[in-house]
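Me: I would like to go through this structure with you. Could we take it one topic at a time?
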Amino acid sequence: TGPVTFASAGMATTVPCGASCRTIGLLLDTQRVELTATCLRFAYAGPWDIDRSGTTLVTGTLERSAAGRTGTTREAATLQLQFSEGRIDSPQVTLLLRDAADQAVLGPVSLQQGPALAAPPACEGQP
């Protein structure tokens with residue numbers, strides 16, 4: 001099976017980046033997990049699997065940009081994925097992204113399987 005993508009656009013969110021996080025994309029492949037949203041990107045490279053409850057948890061790198069600032073910060077983070085039907089090709093996945101201090105960065109939010117979105121818009125205040 002090739003890569004599976006999940007996406008959501010135009011959703012309301014109360015995470016720290018507010019309205020600018022409305023476009024979220026998730027790419028899943030056998031050796032890669034990548035989450036993108038405005039002002040942030042999470043990446044994990046390596047094997048992963050889904051447990052009996054339909055959940056996976058991976059530790060990767062979180063990159064954040066801040067509006068009005070140059071540069072990107074990087075830190076360890078964890079991404080929890082809960083698949084609606086317990087498998088990678090489920091129609092829906094709920095995600096929760098936590099930073100190195102175990103604080104929620106994004107989510108929980110549900111994404112629908114579908115075509116990948118274009119790259120999220122630039123972080124406000126970024127060129």
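Me: Where is Ile-50 placed?
Reply: Ile-50 is in the loop between strand E4 (40-45) and strand E5 (55-64); strands are DSSP runs of at least two residues, numbered from the N terminus. This is a predicted model, in which local features need pLDDT of at least 70, side-chain atom pairs count only at pLDDT 80 or more, and totals for chains, interfaces and linings use all residues. Residues are numbered from 1 along each chain as its sequence is written, and side-chain values use heavy atoms, with hydrogens and water left out.

Me: What does Ile-50 touch, leaving out residues up to four places away in sequence?
Reply: Its contacts (heavy atoms within 4.5 Å) are Thr-55, Thr-56, Phe-83, Gly-86, Arg-87 and Ile-88.

Me: Which aromatic pair does Phe-83 form?
Reply: The whole structure holds one aromatic pair (ring centres within 6.5 Å, using the six-membered ring of Trp). Trp-48 and Phe-83 form that pair, which is stacked (planes under 30 degrees apart), at 6.4 Å centre to centre and 10° between the planes. Trp-48 lies in the loop between E4 and E5 and Phe-83 in strand E6 (residues 73-83), so the pair ties together parts 35 residues apart in sequence.

Me: Are those two buried or exposed?
Reply: Both Trp-48 and Phe-83 are buried, meaning under 20% relative accessible area with a 1.4 Å probe, protein chains only.

Me: Changing topic, how do E7 and E8 pair?
Reply: Strand E7 (residues 92-99) and strand E8 (residues 104-113) pair in the antiparallel sense over six bridges; pairing requires at least two DSSP bridges. Gln-92 stands opposite Gln-112 in E8.

How values were computed:
Helix = DSSP H or I, 4+ residues; strand = E, 2+ residues; numbered from the N terminus. Phe/Tyr/Trp six-rings, centres within 6.5 Å; stacked < 30°, edge-to-face > 60°. Buried < 20%, exposed > 50% of the residue type's maximum accessible area, 1.4 Å probe, protein only.
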